[in-house]
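Try each task before you read its solution.

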Amino acid sequence: MRTQDRRPEHKLLTRQSFFSDFLQTLSDRGRQFMALVGLEGADTAQDFVSLSEALLRGQGEASGLALAQDILAEWRSADRQKRLDYLLILARQFGPDLEKLEKAVETWQRDRTPENAIRLHEAAEPKRQELIRRLNMAPGATGTILDMRTETLSRMGEHKELKAVDADLLHLISSWFNRGFLVMRPIDWSTSASLLEKVIRYEAVHAIANWDDLRRRLAPVDRRCFAFFHPRLPDEPLIFVEVALMDHAPAAIAEVLAEDRAETDVSKATTAVFYSISNCQVGLRGVSFGNFLLKQVVEELQREYPALRDFVTLSPVPGFAAWLRDQEALDTPLETGPTLGAMLERPDWHTHTVPDAVAKALEPLVATYLLAARGQGNQPLDPVARFHLGNGASLDRLNMLGDLSPRGLKNAHGAMVNYRYHLKDLEKNHELYAMHRELVAAPAVRKLVQTPKARGKTSPAGNHFFDQIRARAPSPDKAFIETSDGRVITYGGMLRRSSELAHALVKLGAKPGDRVAMQTEKCTDALMLYIACIRAGAALLPLNTAYTIPELEYFFGDAKPSLIVCAPGAEGDISKIAGDARVATLSADGGTLCDAIPENAADFTPVPRGPDDLACILYTSGTTGRSKGAMLTHENLASNARVLAETWHFSPDDVLIHALPIFHIHGLFVATNVILFAGASMLFYEKFDPAQIIAAMQRATVLMGVPTFYVRLLGHKGLTEDATAKMRLFVSGSAPLLPETFHAFKERTGHAILERYGMTETGMNTSNPYDGERIAETVGLPLTGTEVRIAEPDSGKILPAGEIGVIEVRGPNIFKGYWNMPEKTASEFRTDGFFITGDLGMIDERGYVRILGRGKDLVISGGFNVYPKEVESEIDSIEGVVESAVIGVPHPDFGEGVTAVVVRAPSSTVDESKIVSLLESRLAKFKQPKKIVFVDELPRNTMGKVQKAVLREQYRGIYTAR
Ligand SMILES: CC(C)(COP(=O)(O)OP(=O)(O)OC[C@H]1O[C@@H](n2cnc3c(N)ncnc32)[C@H](O)[C@@H]1OP(=O)(O)O)[C@@H](O)C(=O)NCCC(=O)NCCSC(=O)CC(=O)O
């Protein structure tokens, strides 16, 4: 039945190569002319500008071609940085001629004639449009221009000014790739190997494993494939569709792709099934011609096989699982017992005895998602639905176990659908869609759609935070954590281990609402204990491993935990200060907590917890010396994780380098929760070691760190552009990132570190943009859902942009209050719910927040907060000390070094070593002064207040001066 291809388009493609040869000869001649006038080869950006200007000025066809070829050759051989330079030159130097434009505007305003409108239109055209048009004259130019657009799209996030270049490229490319120029060609097993290789590479829906796999899709007579080509890119498919000729509409992709399937007798085939449509060129993003391709394929097939009656797709539902994660329906118990969410969590649910029960529960949800869930412009949320329904197809059937491949299960819990292309209805359906966003569906599918009311009816009493972790967990086999010694904890392993530890907590007497204190080394079980606490409804109280016994005694006395989990070696000392709490041990090698795991503990029914229930208490050093326990709720954690994963573009493919401690909000919540919410993985290091981290960058995509990390990385010669080439994001927080560090890092690696701002009480508040410009010395823009304002500290009057005041924040990320300190809590909030951070700052005219002074003399050392008052109280209590002032001054490694300025009693012999040794047992190491200086008296103002600013100025060089 296959016919030889004798269509005119083929001749067109052959003619094309003759034309290219002709252009080549012409440009060779032009090159001789260019050599004469001294314009050959672009070595620098300046040459690129000169060549481009010459191309724009030039009248001669031949020299123009040669110039165009040189510019394109320069682009092709340029490295990433140079390409960016060239794009920025296009953005900055090849815009519209402003003088001409202004004149044209004036003329138009004076005299609104059609001629003047044309002049205005011409004057508004950026010069680069003409430049790109002229470039496109050269042989092989079109592919390179698509490549320029691909590059522009990938750099546009960081460099907003490239948007103008992209708009021009898209404008030109859309007209060059107009449907009328495209040629449809069949692809089959006799097509050239280089093209077939591209089909393997570009297949976007059902991966083609190897050449045999490809042959099964192209060689049999009942399999067809068609692609669109552009005459100037004869070897580059733009989009292709794979078709199966069958005698029915298939319900599962396995049926179409099975190795041992029986071939259909094509003379009897009734149904053409479009089972995969792949776009091939990133540079063509936004230029859509898939609908034309499908219509042309339908016509072609009808001509070839008059018996064909049905044209259907077998399509994926790529956004279903992500949408479902936020639906309450996951908590609906199935007829068979567990909830839908719990069933989907089981790796084997689809091979289990009850897949039908799951499928039955999922079916109305898929219908609701496809037909009722709408996004921008009231269009369907699902991209594939948007495409087919927008083309005028109808949603014909849902196939609940249609794609059981890992991708199908992950994206759509196995669901696939058939869209039907009913030729006589296409136009009418398309109109309904375009005018009223009406979607056409078979009655059997439509009646499954649930109303919002029905969807809300199943409102659960689940565990707010854990349910979200569980619902977002990817396949159980996916790695969640890989430790530095190569041990892997999968997502399935995480669910199991946290369940076991939750059982152990219950066995050791921790009840819902109890506090569970944890001071352990950084190990995976410590993280599992955190998740176990969430499941068991207990509030975790993580404690810095550097805390000394007196510090711990205060925390235990204040929080009154019912269980303290500590390192095995500390059990003796801790038992003495534990009060009524039980003490259990935990380390990487186990401990009495693990010994308490009962039999059959692999599943733990989470204790119901609402959004406002307590998830943890984190102590922040107090300004008055007394630490305060910040109470964070389930929704505080969940909202921040959700927003950050989205803001920083996390996906399941991400691998985070986790080298932070896990007793603070940064390492425990920001890093861990973002990974959990994205279903991504992390490489887990007990300590920050620059060489190890640089080596890890080969396998990772993101690093989250404090500024000290970046300072230390810069001190390592292994930090190079190559070493960081696979990384997509470096995040910094917990302390101010010096502009020197930001710029040095950019210079060395090409990466702009993304700085964000948060605090224990609030989680993360602002972030420099992922796509937009990251500006040193700013902490970026408020996160989605969080409001940030600047107010006068005393009156609370809200200040306009550009003015300095106290930073105040409000949003779902803000804590519930301080443990046992209702008055303190009340005094830190405004009546309208804004939390007064105590940090001073301003919001600039672009909306970026700048922090100009941390609250209340706070010192931040290597990312740890140290409140001077606490250290001063300890020093002042030492015999022979009259008084002290503790300040933070610049430190090359820790950002700020804790420094004590001490006044001794006249006859006292107390010295630095004596004070150091006495503080050792009382204060955590990071709070202890790195230097102590003695003075006769402290500088004071007229009110008698110690002038710390004077001291900071006086001692600012003691760590940095050479
Ligand atoms: C920067 C670090 C990697 C440095 O730790 P190291 O263990 O490598 O330090 P090191 O081995 O070089 O130790 C040198 C000496 O300094 C001490 N030392 C360690 N860390 C210190 C610190 N931050 N400040 C002052 N001293 C410190 C050690 O005890 C040691 O003392 P000696 O030699 O005498 O034994 C670590 O401090 C760190 O991981 N900081 C991150 C803190 C963090 O996660 N903060 C988030 C808070 S949440 C928050 O703020 C909110 C938000 O994120 O927005």
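**Exercise 1: A residue at a helix end**

Asp 876 has a relative accessible area of 32%, so Asp 876 is partly exposed (buried means under 20%, exposed over 50%, and partly exposed in between, with a 1.4 Å probe and protein chains only). Before going further, keep in mind that this is a predicted model, in which local features need pLDDT of at least 70 and side-chain atom pairs count only at pLDDT 80 or more, while totals for chains, interfaces and linings use all residues. Residues are numbered from 1 along each chain as its sequence is written, and side-chain values use heavy atoms, with hydrogens and water left out.

Task: find the helix that holds Asp 876, and list what Asp 876 touches beyond four places in sequence.

Solution. 
- Step 1. Asp 876 belongs to helix H34, residues 868-876. Helices (H or I, at least four residues) and strands (E, at least two) are DSSP runs, numbered from the N terminus.
- Step 2. Leaving out residues up to four places away in sequence, Asp 876 touches Val 881, Glu 883 and Ser 884, where contact means heavy atoms within 4.5 Å.
- Step 3. Val 902 is 26 residues from Asp 876 along the chain, and their C-alpha atoms are separated by 8.7 Å.

**Exercise 2: The whole protein**

Task: state how many helices and strands the protein has, and what share of its residues is buried.

Solution. 
- Step 1. There are 36 helices and 33 strands in the protein.
- Step 2. Of the 962 residues, 54% are buried.
- Step 3. Take the contacts between residues at least 6 apart in sequence: 70% of them join residues at least 24 apart.
- Step 4. Not counting residues up to four places away in sequence, Ile 851 touches Tyr 757, Val 779, Ile 807, Leu 840 and Gly 841. Ile 851 and Thr 778 are 73 residues apart in sequence, yet 6.9 Å apart in space, C-alpha to C-alpha.

**Exercise 3: Aromatic rings**

Task: count the aromatic pairs, then classify the pair of Phe 48 and Tyr 86.

Solution. 
- Step 1. A search of the whole structure gives 23 aromatic pairs. Rings of Phe, Tyr and Trp (its six-membered ring) pair if their centres lie within 6.5 Å; planes under 30 degrees apart count as stacked, over 60 as edge-to-face and the rest as tilted.
- Step 2. The ring centres of Phe 48 and Tyr 86 are 4.0 Å apart and the planes stand at 10 degrees, so this pair is stacked.
- Step 3. Phe 48 is in helix H2 (residues 45-57) and Tyr 86 in helix H4 (residues 80-93), so the pair ties together parts 38 residues apart in sequence. Both Phe 48 and Tyr 86 are buried.
- Step 4. Now compare Tyr 547 and Phe 555, a tilted pair with 4.9 Å centre to centre and 45 degrees between the planes. Tyr 547 is buried at 11% relative accessible area, and Phe 555 is buried at 3%.
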